[in-house]
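Dear colleague,

I am passing on the structure we spoke of, together with a short account of what was found in it. Please look through the coordinates first and then read the notes below.

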Amino acid sequence: MDTSCIFCKIASGAIPATFLHEDDAVVAFGDLNPQAPHHVLIIPREHVVSLASATDGHTEVLGRLLRVAAEIAERLGVTDSGYRTVINTGPDGGQSVFHLHVHLLGGRPLAWPPG
Ligand code: 5GP
Ligand code: ZN
């Protein structure tokens, strides 16, 4: 755990949050500033700074993040309408919180390409 990391604090329960999913390796919770009717963040409990700093040792948890995203999308009822999963990495990727996370966005049509 990185004690200065907001997502580590959420994952550990130091900052209260409502989890949409919780297991040994992964938690999911709503984004503070939602960009769609459904905007969920899925994160590893482990403090991994970004996709760029993930290693082969993180292969299983990386897969788990996407499986959990699909499970939550199903529960939210957006599987048929569709949704987007996004990992922003580094400055050009628009990453603002440096603890790896997958965004799940759904509930409205999403434009492509992104800005
Ligand atoms: P990034 O820009 O790094 O891809 O995404 C970070 C996301 O975290 C943003 O969508 C932002 O709204 C969200 N966020 C930042 N701080 C908090 C927080 O304290 N709680 C929650 N739930 N979301 C946060
Ligand atoms: Zn962290």
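**Findings**

Cys8 is buried, and its relative accessible area comes to 2%. Please keep in mind throughout that this is a predicted model, and that the values given here are computed from it. Cys5 is likewise buried, with a relative accessible area of 6%; because buried means under 20% relative accessible area, Cys5 at 6% and Cys8 at 2% both fall within that class. As for sulfur bridges, the structure contains 0 disulfides.

Turning to the fold, the protein comprises 3 helices and 5 strands, and these elements, read from the N terminus on, follow the order α-β-β-β-α-β-α-β. Of those contacts that join residues at least 6 apart in sequence, 53% link residues at least 24 apart.

On overall dimensions, the protein has a radius of gyration of 14 Å, which agrees with the value near 13 Å that a compact globule of 115 residues would have. The C-alpha trace spans about 35 × 30 × 25 Å along its principal axes.

With kind regards

Note on methods
Residues are numbered from 1 along each chain as its sequence is written. Chains are lettered from A and ligands numbered from 1 in the order in which they are written. This is a predicted model: local features need pLDDT of at least 70, side-chain atom pairs count only at pLDDT 80 or more; totals for chains, interfaces and linings use all residues. Side-chain values use heavy atoms; hydrogens and water are left out. A disulfide is a pair of cysteine sulfur atoms within 2.5 Å. Buried means under 20% relative accessible area, exposed over 50%, partly exposed in between (1.4 Å probe, protein chains only). Helices (H or I, at least four residues) and strands (E, at least two) are DSSP runs, numbered from the N terminus. The radius of gyration is taken over C-alpha atoms; the globule rule is 2.2 Å times the number of residues to the power 0.38. Contact means heavy atoms within 4.5 Å.
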